[in-house]
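Here are my notes on the model, point by point. Please keep the structure open while reading.

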Amino acid sequence: MTQTNDLPFDDDDADRLRELLESEGGDEVMDLGDLDGWLAAITIDPEGPSDEDALPFIFSADSDPSRVPKNDELLGLIARRRRELRRALAAGRGLNPIIQPLVDDEGRVDLKEKTAEALEPWCTGFASVAMKWTADPRPEVRKPLGAILQFAALEDKERAALSGY
């Protein structure tokens, strides 16, 4: 019998995770795109944070552990997504990032917008790991990281701190 933790993370799971993140409210809670980029970055970084250290940052910019909700479904979906990313890396597969479609003011998917804009949340989440935990990436990581950072929504001081990538 397959346990829920071993099932692939599908679109329904992503939608439910998005709903749960939004229900937590607040400007500091990562949205689904940011979260997925964040999880991808900490998963590929062998010196990245432990789950225990990373989880508070998802819900609070200053990593306040008291802001982590006591919602087993939400925390379980986050853990499942990270396990899936680990399995994909171990198998040499791509990460299959969760990229949400852009939605206009009336809630319709906006197909006229640039694809690059849809990448922004994922890239921003990924970049936030570089700003928080990655002191100086190896030379072979700099070029791909730079390609990701060009799509991230960063403040000027953040972009300046990462300008070497």
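1. Handedness comes first, as a convention. A crossing is left-handed if the near helix is turned anticlockwise from the far one by less than a right angle, and right-handed if clockwise. By that rule, α3 passes α4 in a right-handed crossing. The crossing of α2 and α3 is right-handed.

2. Ground rules. This is a predicted model, where local features need pLDDT of at least 70, side-chain atom pairs count only at pLDDT 80 or more, and totals for chains, interfaces and linings use all residues. Residues are numbered from 1 along each chain as its sequence is written, and side-chain values use heavy atoms, with hydrogens and water left out.

3. Overall make-up. The chain has seven helices and zero strands. Both kinds of element are DSSP runs, numbered from the N terminus: helices are H or I with at least four residues, strands are E with at least two. Of the 165 residues, 36% count as buried. Buried means under 20% relative accessible area, exposed over 50%, and partly exposed in between, with a 1.4 Å probe and protein chains only. A contact needs heavy atoms within 4.5 Å. Among contacts between residues at least 6 apart in sequence, 61% join residues at least 24 apart.

4. The core. Which residues have the most contacts inside the largest nonpolar core? They are Leu-17, Leu-21, Leu-35, Trp-38, Phe-59 and Ile-78, in a core of 32 residues. Helices α1 (11-24), α2 (32-44), α3 (51-59), α4 and α5 (115-132) each supply at least two residues of this core. Its largest share, seven residues, comes from α2. A nonpolar core here is a set of buried Ala, Val, Leu, Ile, Met, Phe, Trp, Tyr and Cys residues joined through side-chain atoms within 4.5 Å. In soluble globular proteins, nonpolar side chains tend to be buried together.

5. α3 against α4. The two helices pack at an angle of about 120 degrees, with their axes 12 Å apart. That makes α3 oblique to α4. The axes are lines fitted to C-alpha atoms, for helices over the stretch in contact, and angles run from 0 to 180 degrees between N-to-C directions. Angles under 35 degrees count as roughly parallel, over 145 as roughly antiparallel, 65 to 115 as roughly perpendicular and the rest as oblique. On the α3 side, Asp-51, Leu-55, Ile-58 and Phe-59 take part. They meet Leu-74, Leu-75, Ile-78, Arg-82 and Arg-86 of α4.

6. α2 against α3. Here the axes come within 11 Å and cross at roughly 160 degrees. So α2 is roughly antiparallel to α3. Leu-35, Trp-38 and Ile-42 of α2 make the contact with Ala-54, Phe-57 and Ile-58 of α3.

7. Phe-59. Leaving out residues up to four places away in sequence, Phe-59 touches Leu-21, Glu-24, Glu-28, Val-29, Arg-67, Val-68, Pro-69, Leu-74, Leu-75 and Ile-78. The C-alpha atoms of Phe-59 and Gly-26 are separated by 8.7 Å, although the two are 33 residues apart along the chain. Gly-26 lies in the loop between α1 and α2. At a relative accessible area of 56%, Gly-26 is exposed.

8. Arg-81. Another, of 3.0 Å, reaches the side chain of Glu-84. A polar contact is a pair of N or O atoms within 3.5 Å; within protein, one must be able to donate a hydrogen and the other to accept it, and residues adjacent in sequence count only if both atoms are side-chain atoms. Beyond four places in sequence, Arg-81 is in contact with residues including Phe-9, Leu-39 and Leu-95.

9. Arg-80. This residue is also in helix α4. Arg-80 is buried, with a relative accessible area of 7%. Its side chain makes a 2.8 Å polar contact with the side chain of Asp-13. A polar atom of the Arg-80 side chain lies 3.0 Å from the backbone oxygen of Pro-8.

10. Ser-63, in the loop between α3 and α4, has phi near 55 degrees, a positive value in a residue other than glycine. At 18% relative accessibility, Ser-63 counts as buried. Asp-45 sits in the loop between α2 and α3 and is buried at 19%. Asp-45 and Val-129 are 84 residues apart in sequence and 9.1 Å apart in space, C-alpha to C-alpha.
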